[in-house]
Amino acid sequence: MAEDRKAALVRITGRVQGVAFRIWTRDEAVQLGLAGWVRNERDGSVTALIAGPEAAISTMLSRFWKGPPAARVSNVESEDASSVHAPLGFHITD
């Protein structure tokens, strides 16, 4: 339902680049039925926009703390965002 659709802009720091974090994020998001995107940042962090049901967003935020096997996540920061800007599906961007 549209009223149940939420969005979060998330910044993940630590050892999160060069460890397939974006691919892992896309796969996890698709499994949870989330839309959005994920990208590497110049400072070594990863940013993601995740949109969908509140319960799925909450689950994804918890999963970000673990990440893929080679990742070492030190922090996950999230803020509410507009789901209007989320694309259909989930994409890895540059």
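**Exercise 1.** At which residues does UniProt place the feature "active site"?

*Solution.* The unreviewed UniProt entry puts this feature at Arg-22 and Asn-40. They are spread over 19 residues of sequence, yet they cluster in space, with a largest C-alpha distance of 7.7 Å. UniProt positions follow the numbering used here, feature names are shortened, and annotations may be inferred rather than shown by experiment.

A word on ground rules: residues count from 1 along each chain as its sequence is written, and side-chain values use heavy atoms, leaving out hydrogens and water. This is a predicted model, where local features need pLDDT of at least 70, side-chain atom pairs count only at pLDDT 80 or more, and totals for chains, interfaces and linings use all residues.

**Exercise 2.** Place Arg-22 in the fold, then list what Arg-22 touches.

*Solution.* Start with the element: Arg-22 sits in helix 1, residues 21-32 (helices are DSSP runs of H or I, at least four residues; strands are runs of E, at least two; both are numbered from the N terminus). Next, contacts, meaning heavy atoms within 4.5 Å: leaving aside residues up to four places away in sequence, Arg-22 touches Val-38, Arg-39, Asn-40, Ile-92, Thr-93 and Asp-94.
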